[in-house]
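Colleague: Before I plan anything around this one, could you walk me through its pockets and surface?

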Amino acid sequence: MVDVQPPPLRTLDDFVLGSARFSVPDVRNLDRWNNRIINNLLYYQSNYFVSAVAFLLVVGYFQPLQLILGATVVILLFLGFVWAAENKAVIRRFRRNHPSLVLAAILGSSYLLLSVLGGVAVFLFGIAFPILMILIHASVRLRNLKNKLENKLESIGLKRTPMGLLLEALGQEQEAGS
């Protein structure tokens with residue numbers, strides 16, 4: 001964990017403005033689409049983190065207690081899933097073969113638990129909305145040469161980043177850098 005390095009914040013021009021190129025992904029080729037998402041998550045992780053924190057601060061300003069409750073539930077469910085996946089081979093295989101279902105299950109479980117507790121609106125807008133925006137951006141943003149080079153460094157282990165560790169926990173480490 002000591003050798004984890006946060007990547008630099010990418011320029012706004014590279015992230016969403018002038019030089020950014022966007023295209024609708026080919027939904028018939030799920031492997032390629034998944035590869036694009038993972039590599040963009042690795043390359044723009046600092047930008048995604050700043051965007052999510054900014055949105056969470058706005059929501060937290062209006063509903064601080066519900067936001068803390070929602071974040072606690074999601075984090076506990078995620079940590080519980082990672083622990084179960086590391087200790088149970090069946091869950092580990094399922095995590096590798098069905099990453100989208102795993103993410104949906106964690107978010108769905110969080111939603112159900114929070115609906116019982118009454119923090120549904122804060123969960124939907126404070127936690128799920130930034131995740132949705134990040135996944136949409138990672139899906140439609142085309143990769144550039146610098147993006148591909150940075151992802152290769154991550155995949156061969158020369159650099160370790162927080163998003164790389166998160167993707168590894170979700171069973172997607174073999175996809176990164178492809």
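Predicted model: local features only at pLDDT ≥ 70, side-chain atom pairs only at ≥ 80, totals over all residues.

Colleague: Which residues lie nearest the centre of the second largest pocket?

Modeller: Those are Arg32, Asn35, Arg36, Leu142 and Arg143, out of 13 lining residues.

Colleague: What makes up the lining of the largest pocket, by class?

Modeller: There we have 37 nonpolar residues, seven polar and four charged. Leu103, Ile131, Met163, Leu166 and Leu170 lie nearest the centre, among 48 lining residues. Leu, Ile and Met count as nonpolar, so these five fall in that class. The volume is about 1800 Å³.

Colleague: Which helix supplies the largest share of that lining?

Modeller: H3, with eight residues. Helices that each supply at least two include H2 (30-43), H4 (64-87) and H7 (120-140).

Colleague: And on the outside, why is Leu57 called exposed?

Modeller: Exposed means over 50% relative accessible area. Leu57 has 58% relative accessibility, so it counts as exposed. Leu57 lies in H3, which covers residues 45-62.

Colleague: Which residues make the nonpolar surface patch?

Modeller: Leu57 again, together with Leu9, Phe49, Val50 and Val53, over about 500 Å². A patch residue needs over 30% relative accessible area, and Leu57 passes that cut-off with its 58%.

Methods:
Residues numbered from 1 in each chain as written. Heavy atoms only, no water. Patch = residues over 30% accessible without salt bridge, like charges linked within 9 Å, V, L, I, M, F, W, Y side chains within 5 Å. Areas by Shrake-Rupley, 256 points an atom, 1.4 Å probe, with all protein chains shown as cover. Salt bridge = Lys/Arg side-chain N within 4 Å of Asp/Glu carboxyl O. Helix = DSSP H or I, 4+ residues; strand = E, 2+ residues; numbered from the N terminus. Buried < 20%, exposed > 50% of the residue type's maximum accessible area, 1.4 Å probe, protein only. 1 Å grid on protein atoms, 1.4 Å probe; cavity = no way out; pocket = protein on both sides within 12 Å on 5 of 7 lines; lining within 4 Å. Points joined across faces, edges and corners; volume = space filled by probe spheres on them.
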